[in-house]
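Trainee: I am new to this structure. Could you take me through one part of it closely? I would like to start with the pockets.

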Amino acid sequence: MPQKKYINRTYKTLFLDRDGVVNVRLIDDYVKTFSEFEFEKGALEAIKILSNKFERIVIVSNQQGVAKGLMSKESLEDINEKLKKEVERSGGRIDAIFNCTALEKENNFCRKPNVGMALKAKKQFSSIRFKDSVMVGDSLSDMIFGKRLNMQTIMICSSLFKVRKYHKLIDNSFDSLISYAKNIENETK
C-alpha cells in the first residue's frame, strides 16, 4: 500500500502511542525504568515539529507491566515525567500522558482499543474534538482506538504486509514518527 498524502486539513489534537512510536519497544519486555527508555531515532525532532502543527499532543499508552507487578506506578510516573522533560529540552511538548495499567485479559475500558484514555483526555481538554484528531500508533489496537473515535489513523510500521492486512483501519502509514512529521511539515509549508 503506497503512502497517501497527509489529508490537507487542520487537525488540532495528536494522540501518540508510546512504545514503538516515541521510544524503542522492548520485545517481550517492558520499559520499567527511565534508564531502559530509548527514544526512537528522530522522535525528539519529530515531536518538536509536531508541537508546531498541533494545538495539543497527548500520549495514550497501555502499560500492563504495572498490573503484572514488573514495575510500580511510581516508576511509570517517573518515566512519564522524564520523557516530558526530554521532549521539552528538545523544543517540543507533550501536554498530557494517559496510561492504562490494566491487564489485557481484563478488557478494561481504559485499555486500547477501548476509548477510556481518550475520554479522560477530553475531560482534561474540553476543546478536543475527535474528528479533528489524529492517532499515531504501531499496533492494531491503536488503529481500532482511533477509528472508534473517528480520528485519522497513522500506522508507524515498516511492514507492508501488516499495512495491507489492516488497510481499512489505516488512513496512512510511515516507517517512523520523524517521517510522518516531515511529511506534515513539507505539506503545510
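Mentor: A pocket here is an open set of grid points with protein on both sides within 12 Å along at least five of seven lines. Keep in mind that the model is predicted.

Take the second largest pocket. Its volume is about 180 Å³. Lys 73, Leu 76, Glu 77, Asn 80, Glu 81, Lys 84, Ile 97, Asn 99 and Thr 101 line this pocket. Two elements, α2 (73–89) and β3 (96–100), each give two or more residues to that lining. The largest share, six residues, comes from α2. By type, the lining of the second largest pocket divides into two nonpolar, three polar and four charged residues.

Now set the largest pocket beside it. The largest pocket has a volume of about 620 Å³. Its lining takes in 25 residues. Nearest its centre lie Arg 25, Asn 62, Arg 111, Ser 139 and Ser 141. Helix α4 (residues 140–148) gives the largest share of this lining, three residues. The lining of the largest pocket holds six nonpolar, eight polar and eleven charged residues.

Helix α4 also leads us onward. Strand β4 (residues 133–137) and β5 run parallel, joined by four bridges. The chain crosses from β4 through α4 to β5, and this β-α-β crossover is right-handed. Val 134 stands opposite Gln 152 in β5. On its other pairing, β5 runs parallel to strand β6 (residues 172–174), with three bridges. There, Met 155 has Ser 173 of β6 as its bridge partner.

Last, look at β5 (residues 152–156) itself. Five of its five residues are buried, so the strand is largely enclosed by the rest of the structure. Gln 152, Ile 154 and Ile 156 cover one side, and Thr 153 and Met 155 are buried on the other.

Note on methods
Residues numbered from 1 in each chain as written. Predicted model: local features only at pLDDT ≥ 70, side-chain atom pairs only at ≥ 80, totals over all residues. Heavy atoms only, no water. 1 Å grid on protein atoms, 1.4 Å probe; cavity = no way out; pocket = protein on both sides within 12 Å on 5 of 7 lines; lining within 4 Å. Points joined across faces, edges and corners; volume = space filled by probe spheres on them. Nonpolar A, V, L, I, M, F, W, Y, C, P; charged D, E, K, R; others polar. Buried < 20%, exposed > 50% of the residue type's maximum accessible area, 1.4 Å probe, protein only. Pairing = 2+ DSSP bridges. Right-handed = clockwise from strand over helix to strand, strands pointing away.
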